[in-house]
Amino acid sequence: MSVLIHFSIFPTDKGTSVSPYVAKSVRIIRESGLPYKLGPMSTAVEGEWDEVMAVVEKCFNELKKECSRIYMTLQMDYREGAKNRIEDKIKSVEAKL
């Protein structure tokens with residue numbers, strides 16, 4: 001089951017700059033080996049359901065060690081048999097411009 005997610009997670013109890021905590025999550029995503037693309041407000045991650053959800057859970061558990069309040073958003077798109085959608089979806093739209 002191939003899924004593409006947009007994922008954002010950060011603490012709300014650590015002040016106005018939370019980039020060190022975001023970096024912890026991005027490091028986990030990067031180390032997972034799954035294709036990803038960092039954006040200004042979320043990170044796209046692509047893979048099989050179990051792999052992607054394991055990364056989300058690992059990010060949450062890492063922040064939970066130091067944070068008592070965590071905000072998270074998760075959008076998901078499932079498309080059977082599709083691969084490389086992080087790049088291909090953008091190329092498809094740009095080709096039509």
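Biologist: Which residue forms a salt bridge with Glu-66?
Modeller: Keep in mind that this is a predicted model. The closest N and O atoms of the pair are 2.2 Å apart, and a salt bridge needs them within 4 Å. The partner of Glu-66 is Lys-24.

Biologist: How many residues apart in sequence are the parts that Glu-66 and Lys-24 tie together?
Modeller: Glu-66 lies in the loop between helix H2 (49-64) and E4. Lys-24 lies in helix H1 (residues 19-32), so the pair ties together parts whose separation in sequence is 42 residues.

Biologist: Which residue forms a salt bridge with Glu-87?
Modeller: The closest N and O atoms are 3.5 Å apart. Glu-87 lies in helix H3 and its partner in strand E2 (residues 36-38), so the bridge ties together parts 50 residues apart in sequence. Glu-87 is partly exposed at 32%. Its partner, partly exposed at 35%, is Lys-37.

Biologist: How far apart in space are Asp-88 and Lys-37, C-alpha to C-alpha?
Modeller: Asp-88 has its place in helix H3. Its relative accessibility is 35%, so it counts as partly exposed. Asp-88 and Lys-37 are 51 residues apart in sequence, and their C-alpha to C-alpha distance is 13 Å.

Biologist: Is Arg-85 buried or exposed?
Modeller: Arg-85 forms a salt bridge with Asp-77, with the closest N and O atoms 2.8 Å apart. Asp-77 has 30% relative accessibility and counts as partly exposed. Arg-85 has 5%, and the cut-off is under 20%. Therefore Arg-85 counts as buried.

Biologist: Which residues are joined into one network with Asp-77?
Modeller: The structure holds six salt bridges. Some of them share partners. Along with Asp-77, the network takes in Arg-85 and Lys-89.

Biologist: What distance does H1 reach from its first C-alpha to its last?
Modeller: H1 has 14 residues. At 1.5 Å a residue, 20 Å is expected. The model is close to that, reaching 20 Å.

Biologist: What arc do the buried residues of H1 cover around the axis?
Modeller: Tyr-21, Ser-25, Val-26, Ile-28 and Ile-29 are buried in H1. They sit on the same side of H1, because the arc they cover is only 155°.

Biologist: Which residue follows H1?
Modeller: Its phi is positive, near 85°. The residue is Gly-33.

Biologist: Where is Asn-84, which has a positive phi although it is not a glycine?
Modeller: Most residues other than glycine have a negative phi. Asn-84 has a phi of about 55°. It is partly exposed, with a relative accessible area of 40%. Its place is in the loop between strand E4 (70-78) and helix H3 (85-95).

How values were computed:
Residues numbered from 1 in each chain as written. Predicted model: local features only at pLDDT ≥ 70, side-chain atom pairs only at ≥ 80, totals over all residues. Heavy atoms only, no water. Helix = DSSP H or I, 4+ residues; strand = E, 2+ residues; numbered from the N terminus. Buried < 20%, exposed > 50% of the residue type's maximum accessible area, 1.4 Å probe, protein only. Salt bridge = Lys/Arg side-chain N within 4 Å of Asp/Glu carboxyl O. Expected span 1.5 Å × (residues − 1). Arc of directions from axis to C-beta.
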